[in-house]
Amino acid sequence: MIGDETLASAEAEDGLKYELHFHRGTGSGGGDRHLEIHKCLQSLGLKSPLRHQLPADIANFTGRAAELERAIAILRQATQNTGKLPVLMVSGAAGAGKSAFAIHAAHQIQSSLPELQLYVNLRGTENQPLAPQEVLNGFLQTLGVNHRLASTNLAEQLSLYQLMLAGRQVLIVLDNARDAAQVQPLLPDSPTCAVIVTSRQRLELAGTTLELEPLPSAEALELLQKVGVVLPLAIAEQLITLCGHLPLALKITGGTLHSKAQSFESYTSKLADERQKLEQLKSSYLDVRASFAVSYAQQEEAIARLLRLIGLLVRPNLSAAIVSAMLDCDLETADKILSKLVQSGLLESVDSGCFRLHDLIRLFAKEQLARGESAEMRRIVRLRASGWYCKTAELLALALDSTRSPIHITSLEKQSPSPTEDDLFSLALAWFETEKLNLLATLDWAAQAQSWETVVRLAQSLANFFDLRQDWKNWEQTHRLALEATRKLGDRHLEAQTLNSLGNAYLRQDHRKKAREHYEKSLSLLRDLSDRYEESQTLTNLGILYQREGDEEKAIALWQTALKGFPTDSAAAYQLEFWLQSSRGVDLQTMQPDVEIGDRPQRLGMRRVVTACIVGAIALIVVIVLLVRRI
């Protein structure tokens, strides 16, 4: 199977490693945990393994028949043994419907490339577009690659990516690209795949470019009618002109007119006035911005307020749950407000329970936020959001538990009707990746508001995610904030835990001096607190550091001492015993007693006596049963 050699190599390496310990770990498995995480993921619109990632097809898609026919013909080359990767690049002005066209075309060709569809919004128009490494990490996991094989090295990622796609019929949609440099590493070299790329600019890449023009008048009129608006022809033509024949502006105009009881003449007059004002201000994207402004002004206050508040989020990934937290309302009310925003055309429904804003509407929302909400109210809503993100991250971090069974390269054909532990892992990891910027922002908000407990809890919840994604810098930065927060709280236990985690972050970066300093500070606090279990965890981490420095004797001594502090029947004890005996050849019977931490050999001997008694009792029962049967 593809990847077997790589996987075998990784598993062989795992046999030579002893994993770092995290204090206040993410816990063990269990049905209750599984169900709770599953329900949470469902509420966020993440319900199934992400092997078919296309967003829902576009409702009321209109026109573009010639362009669509050409696009499908280009993409279908993947099934025709041409020997050349078909790449379709869709460009056009803001609001021309590039993403809608790409998603609709992808759904039309999906049956010809049924094995797998990959989709990503590259966020090319935002301040922090996705790096190719981030995208490849997500794609590789979807392709079934063991998360332990994830790498931040682009060359290694590319090699595995190409290997996993070779000969497969896969459709890849790269939406909202910034430039060719962002896209090039994501293109497979297998001609059995097909790729759609959207961008506001023409990209210098091998492939076919399709430029989307504004809609012809007849198709623009049809779109208005599809969203439920039947207008006198003269007014319709005027509205189409004011909207620049752009699908995004037309959808918002049609949606607002359909949901609001007002005269068409009044709306048209307001739209003309707004457009004239924007022209005088030399505003960018005036065709669509005018429709945003007039539609926004027509909304009920609760709906307009939510649109403003969405501008707080770094990444506007919406569900009823986060809206409920931000507005401090119940889920039913949040659902109703979201539905009305969708009806007005200002919000896009990506999937059941999952919504997002067009990037231009998000910019508009941020402008309205500054005008319509006081600094104090913005602070309050940020704190509400921080609390929700903290609670959600704590729960979903359980699915990223580093002590769980490793995920292997799996068959893409294996689908389970209910999510497995591996599915929950994949979905939770996808949530952390999608929400990473919001999570980092909310941690900063909590720090600014001096909500120290939230800072610590959120940082702890992010540690496993950053470890899996090898994002050492963010791990370090969030935990430095958390360390300051523990000292503000005066909580020495939390401080010791955070010092240990910071030591792990430094060790991952091979900053051994800093790692040692933080481990030793953690040990000092834990000894004062008489927390023998967490002291043993930190001792094992310090042993890993010494092993890395080549001091095997010191490492084994630390591990032996740590073993005496773990509860006899704990998973940590069994793991460390196995490691010392199988990989290091340590005879546990010869370990020196440690009066301060406990007499481990005596407990080991007692366990062997108990085990022998149980075995003997079972044997006796078997003999008695046999004798009875003979009688």
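**Close-up views of a predicted model**

**View 1. An open sheet of five strands is ordered β2-β3-β4-β1-β5, with parallel pairing.** Strands pair where DSSP finds at least two bridges between them, and both strands (E, at least two residues) and helices (H or I, at least four residues) are DSSP runs numbered from the N terminus. The edges are held by β2 (116–121) and β5 (208–212), each of which has a single partner strand, so one side of each is left without a neighbour in the sheet. From one strand to the next, the twist averages 15°. This is a predicted model, in which local features need pLDDT of at least 70 and side-chain atom pairs count only at pLDDT 80 or more, whereas totals for chains, interfaces and linings use all residues. Residues are numbered from 1 along each chain as its sequence is written, and side-chain values use heavy atoms, with hydrogens and water left out.

**View 2. Strand β2 runs parallel to strand β3 (residues 170–175), and six bridges join the two.** Within this pair, N121 stands opposite D175 in β3. Helix α5 packs on the sheet, where it touches β2 and β3, and the direction of α5 makes about 155° with that of β2; axes are lines fitted to C-alpha atoms, for helices over the stretch in contact, and angles run from 0 to 180 degrees between N-to-C directions.

**View 3. Helix α5 (residues 132–142) and helix α18 (residues 421–448) have axes that come within 11 Å and cross at roughly 165°.** The two helices are therefore roughly antiparallel to each other, a term used for angles over 145 degrees. On the α5 side the contact (heavy atoms within 4.5 Å) is made by E134, G138 and Q141, and on the α18 side by F425, S426, L429, E433 and K436. By class, the contact of α5 with α18 has two nonpolar, three polar and three charged residues, where Ala, Val, Leu, Ile, Met, Phe, Trp, Tyr, Cys and Pro count as nonpolar, Asp, Glu, Lys and Arg as charged, and the others, Gly among them, as polar.

**View 4. Residue N317 lies in strand β6 (residues 317–318).** At 15% relative accessibility, N317 counts as buried, which is to say under 20% relative accessible area with a 1.4 Å probe and protein chains only. Leaving aside neighbours within four places in sequence, N317 is in contact with I322, F355, T434, E435 and N438. Of these, E435 is 118 residues from N317 in sequence, with a C-alpha to C-alpha separation of 7.6 Å in space.

Conventions: Parallel < 35°, antiparallel > 145°, perpendicular 65-115°, else oblique. Buried < 20%, exposed > 50% of the residue type's maximum accessible area, 1.4 Å probe, protein only.
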